[in-house]
Amino acid sequence: MGRLLELEKVNLHYKSHNTSVQVIKDADLNIESGEKVAIVGKSGSGKTSLIMLIAGLERPTSGKITFDGKVISALSENELADIRRESIGIVFQSFYLIPNYTALENVSLILEINNVQNARKKAADLLSQFGLADRLNHFPTQLSGGEQQRVAIARSMAVMPKLILADEPTGNLDTENSKLISRLLFDYAKQNNSSFILVTHDQGFAAECDRIIKIEDGKIL
Ligand SMILES: Nc1ncnc2c1ncn2[C@@H]1O[C@H](COP(=O)(O)OP(=O)(O)OP(=O)(O)O)[C@@H](O)[C@H]1O
Ligand SMILES: [Mg+2]
């Protein structure tokens with residue numbers, strides 16, 4: 001096991017015009033490798049902001065974030081990008097697929113960037129596992145929402161990241177697709193012993209995690 005992620009007294013303020021809003025307040029959090037954690041809380045409580053901090057897409061106003069032994073809150077943008085590419089898979093509610101790339105190309109690109117051999121074959125195998133064997137050459141606009149999200153998840157997991165961050169990955173999907181995608185996420189994270197931080201409003205989904213973290217008005221309870 002061992003610790004994968006640690007937040008110590010992390011604060012995040014957003015400044016706009018002459019006001020400053022404190023969005024994350026003195027957050028302390030530890031995540032072990034392989035641990036599956038759900039984050040729940042009301043709209044506006046700070047869940048996405050917390051994910052952005054952990055992904056290194058926002059910098060804390062104060063406090064310290066350590067990922068895999070590195071203090072990421074002190075790294076340069078380039079160093080952060082390297083860590084994200086190699087070790088962190090991110091899934092958002094909107095899928096952010098590359099529109100002029102096929103399903104296959106969206107997944108193989110990340111493998112190619114990471115210098116993985118046989119990238120196209122690996123991408124095709126992974127998409128097949130996700131039930132998309134006959135959709136490899138479809139562009140995102142030719143796929144349903146559930147199918148697009150499966151491509152996005154395949155892409156986030158392709159490099160077997162140590163950490164998967166998922167921000168309401170099933171928020172835009174119907175119940176049946178939500179169940180399917182939840183299953184894929186869990187099974188794949190388990191198979192690779194990836195840690196998994198999931199923002200969700202789905203109680204059933206949250207209950208399957210090792211731990212549920214509640215956030216209220218920027219504070220981790
Ligand atoms: N770029 C920004 N500038 C200023 N305030 C922001 C910014 N982004 C978010 N906020 C504010 O920070 C607070 C937390 O937002 P966040 O997106 O983290 O909430 P959330 O818990 O993910 O909500 P939801 O469930 O609706 O997605 C909100 O009050 C929001 O208005
Ligand atoms: Mg959010």
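Author: A note on terms before we start: Ala, Val, Leu, Ile, Met, Phe, Trp, Tyr, Cys and Pro count as nonpolar, Asp, Glu, Lys and Arg as charged, and the others, Gly among them, as polar. The model is predicted.

Reader: Fine. How do the residues of the shell around ligand 1 divide into nonpolar, polar and charged?

Author: Three are nonpolar, eight are polar and one is charged.

Reader: Which residues are they?

Author: Tyr-14, Ser-16, Val-21, Val-23, Gly-41, Ser-43, Gly-44, Ser-45, Gly-46, Lys-47, Thr-48 and Ser-49. Two or more residues each come from S1, S2 and H1.

Reader: Which element gives the largest share?

Author: Helix H1 does, with three residues.

Reader: Now the sheet. What is the strand order?

Author: The order is S2-S1-S4-S5, in an open sheet of four strands with antiparallel pairing. S2 and S5 (70–71) are the edge strands, each pairing on one side only.

Reader: Where does H1 pack?

Author: H1, residues 47–54, packs on that sheet and touches S1, S2 and S4. The direction of H1 makes about 65° with that of S2.

Reader: How many bridges join S1 to S2?

Author: There are 10 between S1 (residues 3–16) and S2 (residues 19–32). One pair to look at is Glu-6 with Asn-30 in S2.

Reader: What about the turn of that hairpin, which residue has a positive phi?

Author: His-17, with phi near 50°. The hairpin has two residues between the strands.

Reader: And on the S4 side, how many bridges?

Author: Five bridges join S1 to S4 (residues 62–67), and these strands are antiparallel. Glu-8 has Lys-64 as its bridge partner in S4.

Reader: Change of topic: the largest nonpolar core. How many residues does it have?

Author: It has 57 residues. Those with the most contacts inside the core are Ile-39, Ile-54, Val-107, Leu-127, Ala-154 and Leu-165.

Reader: What is Ile-39 in contact with, leaving aside neighbours within four places in sequence?

Author: Lys-47, Leu-50, Ile-197, Leu-198, Val-199, Ile-213 and Ile-215.

Reader: Val-107 is in H3. Which residues of that helix are buried?

Author: Within H3 (103–113), the buried ones are Ala-103, Leu-104, Asn-106, Val-107, Ser-108 and Leu-111.

Reader: Why would residues three or four places apart point the same way?

Author: An α-helix has 3.6 residues a turn, so residues at that spacing point the same way.

Reader: What covers the buried residues of H3?

Author: The cover includes helix H4 (119–129) and helix H5 (145–157).

Reader: And which residue with a positive phi follows H3?

Author: Asn-115, with phi near 60°.

Notes
Residues numbered from 1 in each chain as written. Chains lettered and ligands numbered in written order. Predicted model: local features only at pLDDT ≥ 70, side-chain atom pairs only at ≥ 80, totals over all residues. Buried ≥ 20, exposed ≤ 12 C-beta atoms within 10 Å, placed from the backbone. Contact = placed C-beta atoms within 7 Å. Pairing = 2+ DSSP bridges. Core = buried A, V, L, I, M, F, W, Y, C linked by C-beta atoms within 7 Å. Axes fitted to C-alpha atoms, helices over the stretch in contact; angles between N-to-C directions. Near = placed C-beta within 6 Å.
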